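This report describes the architecture of a protein model for a reader who is new to structural description. Please keep the sequence and the structure in view while reading.

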Amino acid sequence: MTPSEGVGRGMESVLEMLESLLALGGMVLLRDTVEWEGRSLLKALIKKSALYGEQVHVLGCEVSEEEFREGFDSNINSRLVYHDLFRDPLNWSKTGEALPGGPLEALRALCRRTDPGPVTVALDSLSWLLLHLPCTTLCQALHALSRQDPCPGLHPEYVMLPSMHYISCPSPGKQVRVLGLLHEELHGPGPVRALSSLAQAEVTLSGALGQASAHILYRRPRQHPTHQTQRFSILPDFSLDLQGGPLLEPQPQPDPHTPPVDPTNHLTFNLRLSKKEREAKDSLTLPFQFSSEKQQALLRPGPGQATSHIFYEPDAYDDLDQEDPDDDLDI
Amino acid sequence: MFPELNNLLNTTPDRAEQGKLTLLCDAKTDGSFLVHHFLSFYLKADYKVCFVALIQSFSHYNIVGQKLGVSLTAARERGQLVFLEGLKSAVDIFFRPQEEPHPLQFLREANTRNLQPLYEFVREALKPTDEEEAAWRCPVLLVDDLSVLLSLGLGAVAVLDFIHYCRATVCWERKGNIVALVHDSGDAEDEENDILLNGLSHQSHLILRAEGLATGFCKDVHGQLKILWRGPSQPTAPRDRSLTYQYKIQDKSVSFFAKGMSPAVL
């Protein structure tokens, strides 16, 4: 089954993850971390491409050819061409075995291949290339690599990027798929977003509780970007084992069966008033409110008012003067 | 070597793995006990050891090695150990004629900011000679440590390229091992060190990370060791990939125990 047939069937069934990633064409960006490595997923995608009958070119910067081919059977290995940038990328040994021109020339040489048929190019890894090449050069090379345009003369991008070196356009009808592995922690947000803008699909690897999961962002042309999250594990022969079901949420959800707690239950004071209590409250005069009844009550001693006596025992030094000192006040 | 650490890593000197890069890192504590462990481990395992020691002098490693049961002097004399004493060579380089290549050439030259001379030194040191072919099993490169190279003015990419070439020669071509120590600056926001640490972590098969306790210093528990096995997907259960233990360093050994199970606390 070719990828295009798979896309046609996609309306009825949920596409398997690798198929849907490969069906888009263009660039697929795999973002991994130290804890959740992405090379296994890259090899799983390569295996799937090879099973479709495509030829796979691998620009290998981080692992040796033997280590990369490990786990693939001979059928897949025969379709895999490994461009070795691991052994001597910077030409330190000067034996002439290194790829001429270094990493940039090796990348541009991939654009200039002339073999027919659909081709997958795997870059292991984009992080290595990003550490050794300027970001703009790398992005231009990737853009040229993943372009599927059959008519170079009329393409508007030649006008937009006048400083671009001459990079030959692939021959008409050629479909190139680019798989790039990027180690997220090594780069700042700028280069990562620049590479991500070139990608038609972006897979961010993470996981929880020992289970790897992939968060996939699809950027299909003329559609809104769509998200999908999928738990998976990679088997030793690099086929994918999808674990369905919802992702385990790390935070616990509140139980919907317990009713919300009413804070006004079981209080030691009364929050509500009965009608009689409300009337009594409204008719109460406040102690410092001076009304006319209160004035009269103060001026006249009331019937039940107790008289008070003052008992005075003078000391020897007290000056007993019967005169009232306030007599001379004229009120 | 510390037998308890061997048990945790599931290795013995007889059946050590080959072609592996082991990354040692420490955060808020001193991880040099791991360097001493691997140095004595590989000497006892009859490996040919090339030790690029940039931090301490030869006598320091020798004294600690004697406590762990290996004599570095004897190993150097019988040709098992090639020792680059960074502290001494760094001074020597200024008193030699400039034409002679020196492993720490970058200290003298302003424009060549790569470690190719150091790589050539390592390659020469671990090159198999005929009479040694039968004597030593595999080569191993030990570096203590890589963060100091950043302090000496090299960029993270230069150090990563050096380890890349060492991996190609020592791990892949000669089926040997590499053990390197990198300090983790933690909150210090050292971008170059972070690139170096993360870049090496992605290339490593085994990461041993010694951390200080989050709660501060303690007399009975000196720190915490996190062990992370990386590599292609293994058929073993994912639970085995990462372990955490606490440790206490004693005079001649290090004891490891599960978190919270220190003998002083139980």
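## Salt bridges and buried charges

At a relative accessibility of 17%, Glu19(A) counts as buried; a buried residue has under 20% relative accessible area, an exposed one over 50%, and a partly exposed one lies in between (1.4 Å probe, protein chains only). The model is a predicted one, in which local features need pLDDT of at least 70 and side-chain atom pairs count only at pLDDT 80 or more, while totals for chains, interfaces and linings use all residues. Residues are numbered from 1 along each chain as its sequence is written, chains are lettered from A and ligands numbered from 1 in the order in which they are written, and side-chain values use heavy atoms, with hydrogens and water left out.

Glu19(A) forms a salt bridge with Lys48(A), a salt bridge being a side-chain nitrogen of Lys or Arg within 4 Å of a carboxyl oxygen of Asp or Glu. The two residues are 29 apart in the chain, Glu19(A) in helix α2 (residues 17-23) and Lys48(A) in helix α3 (residues 39-51) of chain A. Helices (H or I, at least four residues) and strands (E, at least two) are DSSP runs, numbered from the N terminus.

| Residue | Partner | N to O distance |
|---|---|---|
| Glu19(A) | Lys48(A) | 3.8 Å |
| Glu62(A) | Arg39(A) | 2.7 Å |
| Arg209(B) | Asp184(B) | 2.8 Å |

Glu62(A) is buried, at 8% relative accessibility, and Arg39(A) is buried at 17%. In chain B, Arg209(B) belongs to strand β6 and Asp184(B) to the loop between β5 and α9, so this pair ties together parts 25 residues apart in sequence. Arg209(B) is partly exposed, at 22% relative accessibility, whereas Asp184(B) is buried, at 16%. Shared partners also join Arg31(A), Glu184(A), Glu202(A) and Arg219(A) into one network of salt bridges. Over all chains, the structure holds 18 salt bridges.

Chain B has an open sheet of nine strands, with mixed pairing, in the order β3-β2-β4-β5-β1-β6-β7-β8-β9; two strands pair if DSSP finds at least two bridges between them. Its edge strands, β3 (81-85) and β9 (254-257), each pair on one side only. From one strand to the next, the twist averages 20°. Strand β8 (residues 242-249) pairs with β9(B) in the antiparallel sense over four bridges, and Tyr247(B) has Phe256(B) in β9(B) as its bridge partner.

Helix α8(B) lies across β1, β4 and β5 of chain B, at about 145° to β5(B). Helix α9(B) lies across β1, β5 and β6 (206-211) of chain B, at about 145° to β1(B). Axes are lines fitted to C-alpha atoms, for helices over the stretch in contact, and angles run from 0 to 180 degrees between N-to-C directions; contact means heavy atoms within 4.5 Å.

The largest nonpolar core has 42 residues, and those with the most contacts inside it are Val52(B), Val122(B), Leu141(B), Leu146(B) and Leu196(B). Such a core is a set of buried Ala, Val, Leu, Ile, Met, Phe, Trp, Tyr and Cys residues joined through side-chain atoms within 4.5 Å. Helix α8(B) gives the largest share of this core, ten residues.

## Where the chains meet

How much area do chain B and chain A bury between them? The value is about 2500 Å², 60% of it on carbon and sulfur atoms; buried area is the accessible area (1.4 Å probe) that two parts lose on being put together, summed over both. Tyr165(B), Trp172(B) and His202(B) supply 29% of the area that chain B buries against chain A, more than any other three residues. The contact takes 29 residues from chain B and 30 residues from chain A. Across this interface, the rule finds zero salt bridges.
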